[in-house]
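Subject: Structure for you to look at

Hello,

Here is the structure I wanted to hand over. Please open it alongside this note.

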Amino acid sequence: MPTLRQIAGVFARNANLTLGGGSATTAVLYREIVEKRHWVDSDRFTLCFALARLTPGTNLLAFCTAVGWVLRRLPGAVVALLAASIPCTLLVVAITVLFSRWQENSLVQAAIHGAVAAAVSITVKTCWTIAKPHFKAGARVRVALIAVAAFTLHVWLGLPAIQVLLLAAAAGFLLPET
């Protein structure tokens, strides 16, 4: 079981120094916590990820809090949340001040457009990292059907994310793995 200092170190380093948003951070934390350190298994990691998606607000902070809870209960949750949020918050304030001064610059606009494209690809990679352990034989059709239905409901029919997640959870419950 990791110490609170180890939890703080992992979350401060990975949640604050990973560029690309919550998806990229989640992928980095997966490698660090599941694959490298074996602090939690893939199922618990995925459970924390799913529960964080069901909570309002910043999902990454909810996710870090959930993983901290799994590791060391309340002290772990508090340490993971603070380590993942305080340094990043200070950095966001500094970047926001700079961006407000340079937002009309064409080079800054071009850089932002490039970053958006990269963020989409990183998000797709993270989705695959999270889904891959559950995309095993006997569950592939089930996972694909739920994913396509969720995408359709959210993107094309405009259903809010929380409703899509709850419907997907119900579908997962009702559709057994074969």
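Below is what turned up on aromatic pairs and on a surface patch.

This is a predicted model, in which local features need pLDDT of at least 70, side-chain atom pairs count only at pLDDT 80 or more, and totals for chains, interfaces and linings use all residues. Residues are numbered from 1 along each chain as its sequence is written, and side-chain values use heavy atoms, without hydrogens and water.

The structure holds four aromatic pairs (Phe, Tyr or six-membered Trp rings with centres within 6.5 Å; planes under 30 degrees apart are stacked, over 60 edge-to-face, the rest tilted). One of them joins F45 and F63, edge-to-face at 4.9 Å between centres and 75 degrees between planes. F45 sits in helix α3 (residues 42–53) and F63 in helix α4, so this pair ties together parts 18 residues apart in sequence. F45 is buried at 0% relative accessible area, and F63 is buried too, at 1% (buried is under 20%, exposed over 50%, partly exposed in between, with a 1.4 Å probe and protein chains only). Ring pairs also link Y30, F45, F49 and F63 into a cluster.

F151 and W156 are edge-to-face as well, with centres 5.6 Å apart and planes at 85 degrees. Here F151 is partly exposed at 48%, while W156 is exposed at 63%.

Best wishes

Key
Helix = DSSP H or I, 4+ residues; strand = E, 2+ residues; numbered from the N terminus.
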